[in-house]
Structures are given as structure tokens and as C-alpha cells.
Amino acid sequence: MDISSVYQISTDEVLGSGQFGVVYKGTHRKSGRPVAIKVIDKTRFPARQETQLRNEVAILQNLSHLGVVLLEGMFETVEYVFVVMEKLHGDMLEMILSSERGRLPERNTRFLVTQILEALRYLHLKHIAHCDLKPENVLLASADPFPQVKLCDFGFARIIGEKSFRRSVVGTPAYLAPEVISSSGYNRSLDMWSVGVITYVSLSGTFPFNEDEDIRQQITNAAFMYPRQPWTSISLEAVSLINNLLQVSVRRRFSVGKALGHPWLQDFQLWCDLRAFEQTMGCRYLTHCGDEERWIRFTKERGLDFPPHLCWDPDM
């Protein structure tokens with residue numbers, strides 16, 4: 001089937017340029033629904049990159065999670081490949097850069113990081129490592145300060161078993177885990193390192209290392225800086241989680257479960273924000289039923305009011 005019979009591509013509206021081609025705004029002709037269409041010129045890319053693209057499509061076709069971008073279809077001609085995905089509002093990098101201070105408050109960062117971790121939990125259970133997590137690949141569904149998050153750009157994603165290691169170099173240097181740089185083999189925990197860098201960047205608006213010096217050497221030595229500005233105004237719990245994610249030793253680095261259980265993400269305000277969001281979505285995928293009793297106890301002990309409307313309604 002010809003893509004133009006199903007979708008209209010607006011070549012004058014570029015949404016971004018990915019690793020393999022340009023992403024244009026598109027419209028589903030029948031429903032008028034907006035979509036994002038990645039157009040890849042096969043004549044311009046070597047076979048290795050075409051393989052990576054097919055890898056991304058093959059992985060996305062098998063995924064179904066509210067935290068992962070939805071693949072609608074793929075069309076192909078002799079010269080081009082068209083990958084059609086749901087259209088989202090923007091990405092986490094844009095949100096950080098356009099914020100008032102050039103960095104996000106802890107409350108908003110917690111909200112975004114929890115969604116990234118829940119999407120990773122889903123991927124890792126399926127033995128998939130994203131391998132290129134960075135704020136540009138964390139898409140946001142709206143301009144809301146507490147938006148839905150979806151991971152995208154699975155070009156580097158790898159199917160990796162619990163203990164198995166890969167050796168090919170993948171990803172973006174500033175977010176790369178030390179074991180990838182030193183070619184000592186990597187497993188799914190390389191995504192957890194990237195979450196540490198993303199959290200640092202979101203809270204401070206800067207990278208954890210000096211970009212003028214050799215980044216690779218700083219990463220393998222875990223030479224991270226927490227300059228007084230802005231880190232004196234950021235909680236020690238946030239720094240503690242980042243330090244547990246930016247561990248050179250893969251064995252000591254936090255897993256998804258450990259990160260979600262860290263005190264910085266076991267926060268009542270965060271739980272309220274997530275529950276309110278789930279209610280607008282009409283489904284529960286970020287919080288757990290067992291948490292309600294704990295937070296009711298928490299509010300009672302502190303003489304706070306528990307918002308009853310946030311309790312889960314099974315008839316919803």
C-alpha cells in the first residue's frame with residue numbers, strides 16, 4: 001500500500017531529525033489524526049544504519065506500554081522507508097531549556113523520572129535495553145508541567161538477557177555508561193547510568209562533567225561535579241539517587257526497582273501527582289494499590305489531610 005493513500009506528509013513542517021532521517025508532521029487522511037512520520041532516504045545510508053532502523057521497527061512492533069511511543073506502521077518504496085508514529089508535543093530537553101531557570105524543580109523531575117523508570121521496568125522485563133536514553137528521547141505528550149512521558153528512538157536498542165553482555169559501542173557519548181566506553185561489555189544496567197545523567201541534567205541544567213575536557217575519561221573515572229550553584233538548593237536525597245545510578249561498578253549501580261524504591265521517589269507529593277495524572281488518563285500504571293494504606297498512615301502521623309479523591313475507584 002502507498003503511504004500517500006493513508007497519510008498526508010507535511011514536508012514543510014519538520015518535527016525533528018533523528019539518527020536516520022527527518023521526522024515530518026503527518027495527518028491520517030481518514031480520521032484527521034496528527035502523526036509523526038520519519039522519512040529515511042535509503043540511498044543515503046549504509047546497510048548498517050538500515051539494519052539499525054529495521055531493528056528499531058522490529059522492537060517497537062512488539063511493545064505495548066503507555067510509556068513507549070506507539071508505532072502505527074511502516075511503508076517502503078525502492079528509495080525510502082516511512083515509519084509512522086504517534087505525534088507527541090515535545091521532549092524533555094526542550095522542557096528543561098525553556099524552563100524559567102534552565103532547570104526543572106525536584107517535583108517535576110521526580111514526576112518525569114518515575115515515568116522513565118516505569119517504562120524501563122517494562123523494557124527490561126522484556127530483556128530490552130534502550131541503549132540511547134537522553135532527554136531528547138524522552139517525549140512529552142503535552143505542554144503540561146506534569147505531562148505523560150514516552151520513550152522513543154529505539155535505533156540502538158538491544159535484546160539483552162539478565163546476565164548477558166554486549167560489546168558494540170552504542171549511544172550518545174555524554175550519556176554513555178563507563179562499561180560501554182571501556183568496551184568491557186554491557187547489559188541492561190547501562191540504561192540506569194543514563195537515568196542518572198538525565199536526572200542530574202534536569203535538576204541542574206548542566207552535565208555532571210566538564211564538557212571542555214575528555215568526557216570519556218571523566219565518565220570512566222566517575223569524576224562528577226556538584227557545584228554549589230545550584231546543588232546547595234537541591235535535596236541530599238536527589239544527590240543520593242544520582243550517586244547510586246552513576247556507579248562505575250555495574251554490580252553496585254541501582255536497578256529499576258531499587259531506583260523506584262529510593263527515598264527521593266518515595267514521596268507523598270509525587271504519589272499525589274502520579275495519582276491525579278492516572279485519573280486523567282483513566283488507567284493505573286504508575287502507582288500501586290498497596291501504596292494507599294501507607295500514605296493514609298503517613299498523613300495521619302503528620303496531622304495532614306489525605307485527599308480521598310485520589311483513592312483508586314475500581315469502577316472507573
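## Terms and model

Helices (H or I, at least four residues) and strands (E, at least two) are DSSP runs, numbered from the N terminus. By this scheme, N137 falls in the loop between strand 7 and strand 8.

The model is predicted: local features need pLDDT of at least 70, side-chain atom pairs count only at pLDDT 80 or more, and totals for chains, interfaces and linings use all residues. Residues are numbered from 1 along each chain as its sequence is written, and side-chain values use heavy atoms, with hydrogens and water left out.

N137 has a relative accessibility of 3%, so N137 counts as buried. Contact means heavy atoms within 4.5 Å. With neighbours within four places in sequence left aside, N137 is in contact with H130, D132, K150, L151, C152 and D153.

K134 also has its place in the loop between strand 7 (128-129) and strand 8 (138-140). K134 is buried, with a relative accessible area of 14%. Not counting residues up to four places away in sequence, K134 touches T172, Y175 and I198.

## Residues with positive phi

D153, one of the contacts of N137, lies in the loop between strand 9 (149-151) and strand 10 (158-159). The phi of D153 is near 60°, a positive value in a residue other than glycine. D153 is buried, and its relative accessible area is 14%.

H127 is found in the loop between helix 4 and strand 7. H127 is not a glycine, yet has a positive phi of about 65°. With a relative accessible area of 35%, H127 is partly exposed.

## An annotated lysine

In the UniProt record, an unreviewed entry, the annotation "binding site" covers K38. UniProt positions are given in the numbering used here, feature names are shortened, and annotations may be inferred rather than shown by experiment.

K38 lies in strand 3 (residues 34-41). Is K38 buried or exposed? K38 counts as buried, at 5% relative accessibility. The side chains of K38 and E56 are joined by a polar contact of 3.2 Å. A polar contact is a pair of N or O atoms within 3.5 Å; within protein, one must be able to donate a hydrogen and the other to accept it, and residues adjacent in sequence count only if both atoms are side-chain atoms.

Axes are lines fitted to C-alpha atoms, for helices over the stretch in contact, and angles run from 0 to 180 degrees between N-to-C directions. Angles under 35 degrees count as roughly parallel, over 145 as roughly antiparallel, 65 to 115 as roughly perpendicular and the rest as oblique. A crossing is left-handed if the near helix is turned anticlockwise from the far one by less than a right angle, and right-handed if clockwise.

The axes of helix 4 (residues 106-125) and helix 6 (residues 190-204) come within 10 Å and cross at roughly 165°. The two helices are therefore roughly antiparallel to each other. Helix 4 passes helix 6 in a right-handed crossing. Residues of helix 4 that meet helix 6 include V113, I116 and L117, and those on the helix 6 side include V195, I198 and T199. Helix 6 also packs with helix 9 (residues 236-245), at an angle of about 150° and with the axes 8 Å apart. Helix 6 and helix 9 are therefore roughly antiparallel, and their crossing is left-handed. In this pairing A238, I242 and L245 of helix 9 meet residues of helix 6, among them W193, G196 and Y200.

## Helix 11 and helix 12

Helix 11 (residues 268-281) and helix 12 (residues 291-301) have axes that come within 11 Å and cross at roughly 130°. That makes helix 11 oblique to helix 12. The crossing of helix 11 past helix 12 is left-handed. F268, W271 and R275 in helix 11 meet D291, E292, W295, F298 and T299 in helix 12.

## Other local features

The peptide bond from Q229 to P230 is cis, with omega near 10°. P230 is found in helix 8 (residues 228-231).

K30, in the loop between strand 2 (22-28) and strand 3, is exposed, with a relative accessible area of 81%.

Note on methods. Buried means under 20% relative accessible area, exposed over 50%, partly exposed in between (1.4 Å probe, protein chains only).
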